[in-house]
Amino acid sequence: MARQLTIRVLRYDPQSGDSKPYFKDYKIEETDSMTIYLALTYIRENMDAGLSFDFVCRAGICGSCAMMINGRPKLGCRSLTKDFEDVITLLPLPTFKLIKDLSVNTGEWMDGMSKRVESWIHTSKEFDISNLEERIEPDVADEVFELDRCIECGCCVAGCGTKLIKEDFVGAVGLNRVARFECDPHDERTIDDYYELVGDDNGIFGCMTLLGCEDTCPKHLPLQNKIAYMRRKLATIKE
């Protein structure tokens, strides 16, 4: 017989003056290969049309469905219900602005982070779309691509102990972005330029190396190695 699940969701609408946070239980029947996303979709379509959560791709690419699943930040579309006990508790990601229920505004925070670390190629060369793209070594291209796989889901931010106690901490996603441009030969910035961006306690030197970011990253990015690499690079210029 199919297993009976209790999906316990934190319900709260901060835009309503009458709303107060509370947990609501939904009892559903588990199906083969059911994900948290599918469970929530079933609940919204058949039990509670007012339940709010985010999704776009359903394939672990867009990062929209990130949430706290039994206390850990995960992607709803990549989390199978069979991997959890009968009661599954869902909460919105912390640190981000809450929209409603499980829906948070990661985009506003990510946009601010991108501007803060100047997340674009800095070059003095004129761009001509008719020219062939400037070639780089394959191993360098692979290194840049590896860091570019970040989907900005916010899991690393939500799982970061430093971010939870330091509001202005740029987070692993921001430090990863800096590392991505530091290894890109198209970018003409120096290590001194990157120091001005993240060389303080709200940047690379504020990281307490708890590695919650790497533990929760759904794309398994090498955040631990890149944060350590950037810390060594930035520390040496002030010796």
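Author: E118 lies in the loop between α2 (106–116) and α3 (138–148), where helices are DSSP runs of H or I with at least four residues, numbered from the N terminus. This is a predicted model, in which local features need pLDDT of at least 70 and side-chain atom pairs count only at pLDDT 80 or more, while totals for chains, interfaces and linings use all residues. Residues are numbered from 1 along each chain as its sequence is written, and side-chain values use heavy atoms, with hydrogens and water left out.

Reader: Why is E118 called partly exposed?
Author: Buried means under 20% relative accessible area and exposed over 50%, with partly exposed in between (1.4 Å probe, protein chains only). E118 has a relative accessible area of 28%, and is therefore partly exposed.

Reader: What makes the phi of E118 worth a remark?
Author: Most residues other than glycine have a negative phi. The phi of E118 is near 50°, a positive value in a residue other than glycine.

Reader: Where is L211, and what is its phi?
Author: L211 is in the loop between α7 (191–198) and α8 (212–216), and its phi is near 65°, again a positive value. With a relative accessible area of 26%, L211 is partly exposed.

Reader: What makes a set of residues a nonpolar core?
Author: Such a core is a set of buried Ala, Val, Leu, Ile, Met, Phe, Trp, Tyr and Cys residues joined through side-chain atoms within 4.5 Å. The largest one has 62 residues, and those with the most contacts inside it are I7, V9, L40 and L90. Helix α6 (residues 171–182) gives the largest share of this core, 6 residues.

Reader: How many cavities are there of 30 Å³ or more?
Author: The count is 3. A cavity is a set of points, on a 1 Å grid over the protein atoms alone, where a 1.4 Å probe fits but cannot get out; lining residues have an atom within 4 Å of a point. Of its 15 lining residues, the closest to the centre are C150, E152, C153, C156 and C217.

Reader: Which residues lie nearest the centre of the second largest cavity?
Author: They are C160, T162, C207, L210 and L211, of 16 lining residues. This cavity has a volume of about 90 Å³, and α6 gives the most to its lining, with 3 residues.

Technical notes
Helix = DSSP H or I, 4+ residues; strand = E, 2+ residues; numbered from the N terminus. 1 Å grid on protein atoms, 1.4 Å probe; cavity = no way out; pocket = protein on both sides within 12 Å on 5 of 7 lines; lining within 4 Å. Points joined across faces, edges and corners; volume = space filled by probe spheres on them.
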